[in-house]
Amino acid sequence: MHVQPYDQGLHLEPRDQAAHDDAANRPGRASALRRWFDTSDAGDASRGHAASVADDRIDWVRALPFLGMHLACLGVLWVGVSWFAMGVAVALYAVRMFAITGFYHRYFSHRTFRTSRALQFVFALIGAASVQRGPLWWAAQHRNHHRHADLPQDPHSPRHGFWRSHAGWFLTRAGFHTDWSRIPDLARYPELRWLDRFDTVVPVALAVALYLLGVALERWAPALGTTGPQLLVWGFFVSTVVLFHATVTINSLAHRFGTRRFETRDDSRNNGWLALITFGEGWHNNHHFFPGSARQGFRWWELDLTWYGLRAMAALGLVHDLKPVPAWVHAHARERARR
Ligand SMILES: [Zn+2]
Ligand SMILES: [Zn+2]
């Protein structure tokens, strides 16, 4: 197969090349279905080939569950609502957002603190319940983002367009594959590799558990006013879809809207609204300037719920060696503010 660099594929799609790659990828239809369940059957892009033009187009078969989750949110029209179901949706948003920002991002991607192997796996499981793939895929994509931030090889720069940076990037064949060269430190854990391979197991288990909980509560605690379908729709579909869109605003919006305390090579911004909904990730210009800190709100008034959560976990002895913001970073920020 003729191979083109990924960055060229983003903008140029010669028709004859696309047709050629279609032919090369034809066995990929059935494979795309299997990939819903087993990501090791990742087809062309994952077998060591560099990404091609066709790899950069959206793989609609594999995107169906993603679209289906959005449609399933319409179920709120049929299942009704209760305070209990709303509470479960909010709690699952909060717990999973913390797992994504505290662990998928600050721990797995940036190694900004330490924890036990057991707790590492517990939070990998909670993160996986977010339907944002496994921790290895997530960390590899994110390390590539920092390495190439807002350059053509960045997996999700808004310079490639809003929708591409928000959701399109991981629906392509190229976006599907885990770049193992970026994560040798994480790939040595077989339990994380397993989670990365079967990344739908945890979300499906969560959805089933919510449904069964709702059925049980309808029978034994009818005063709560909830049902199986109601807990499934609010607790799983609505909560997960909102969680997803909140998370990826950091790709699509935090590189466009906000202020720049630091002159980084990329377009990253600090945005208090995004920091609020993502538990601190909105201080994204801070983070791009110094990704090695467990804290992203550098000033006391920069709300960073994940940092407070990590501090609480450290006080309980669950995590340790939280990397602080170095004094020279604060000094540099003060210097820039004076100018
Ligand atoms: Zn960024
Ligand atoms: Zn980062």
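Helix axes are lines fitted to C-alpha atoms, over the stretch in contact, and the angles between them run from 0 to 180 degrees between N-to-C directions. By that definition, H6 and H8 pack at an angle of about 65°, with their axes 9 Å apart. This is a predicted model, in which local features need pLDDT of at least 70, side-chain atom pairs count only at pLDDT 80 or more, and totals for chains, interfaces and linings use all residues. Residues are numbered from 1 along each chain as its sequence is written, chains are lettered from A and ligands numbered from 1 in the order in which they are written, and side-chain values use heavy atoms, with hydrogens and water left out. Helices are DSSP runs (H or I, at least four residues), numbered from the N terminus.

**H6 and H8**

- H6 and H8 are roughly perpendicular to each other, because angles of 65 to 115 degrees count as such, under 35 as roughly parallel, over 145 as roughly antiparallel and the rest as oblique.
- Their crossing is right-handed, a term for a near helix turned clockwise from the far one by less than a right angle.
- The contact (heavy atoms within 4.5 Å) involves Ile100, Tyr104, His105, Phe108 and Ser109 of H6, and Pro135, Trp138, Ala139, His142, Arg143 and His146 of H8.
- Six of these contact residues are nonpolar, four polar and one charged; Ala, Val, Leu, Ile, Met, Phe, Trp, Tyr, Cys and Pro count as nonpolar, Asp, Glu, Lys and Arg as charged, and the others, Gly among them, as polar.

**H6 and H13**

- The axes of H6 and H13 are 13 Å apart, at an angle of about 155°, and the two helices are therefore roughly antiparallel.
- H6 and H13 also cross in a right-handed sense.
- H6 brings Phe84, Val88, Leu92 and Arg96 to this contact, and H13 brings Leu206, Leu210 and Leu217.
- The contact of H6 with H13 has six nonpolar residues, one charged and no polar.

**H13 and H14**

- H13 and H14 pack with axes 7 Å apart at about 140°, so they are oblique to each other.
- Their crossing is right-handed.
- Residues in the contact include Leu206, Leu210 and Leu217 of H13, and Leu231, Leu232 and Phe236 of H14.
- The contact of H13 with H14 divides into 12 nonpolar, three polar and one charged residues.

**The largest pocket**

- The largest pocket holds about 900 Å³ of space.
- A pocket is an open set of points on a 1 Å grid over the protein atoms alone, where a 1.4 Å probe fits, with protein on both sides within 12 Å along at least five of seven lines; lining residues have an atom within 4 Å of a point.
- Its lining has 44 residues, with Ser130, Val131, Gln132, Arg133 and Phe170 nearest the centre.
- Elements giving two or more residues to this lining include H6 (83-109), H8 (135-147), H13 (201-220) and H14 (228-252).
- H14 provides the largest share, nine residues.
- The lining comprises 23 nonpolar, 16 polar and five charged residues.

Note on methods. Points joined across faces, edges and corners; volume = space filled by probe spheres on them.
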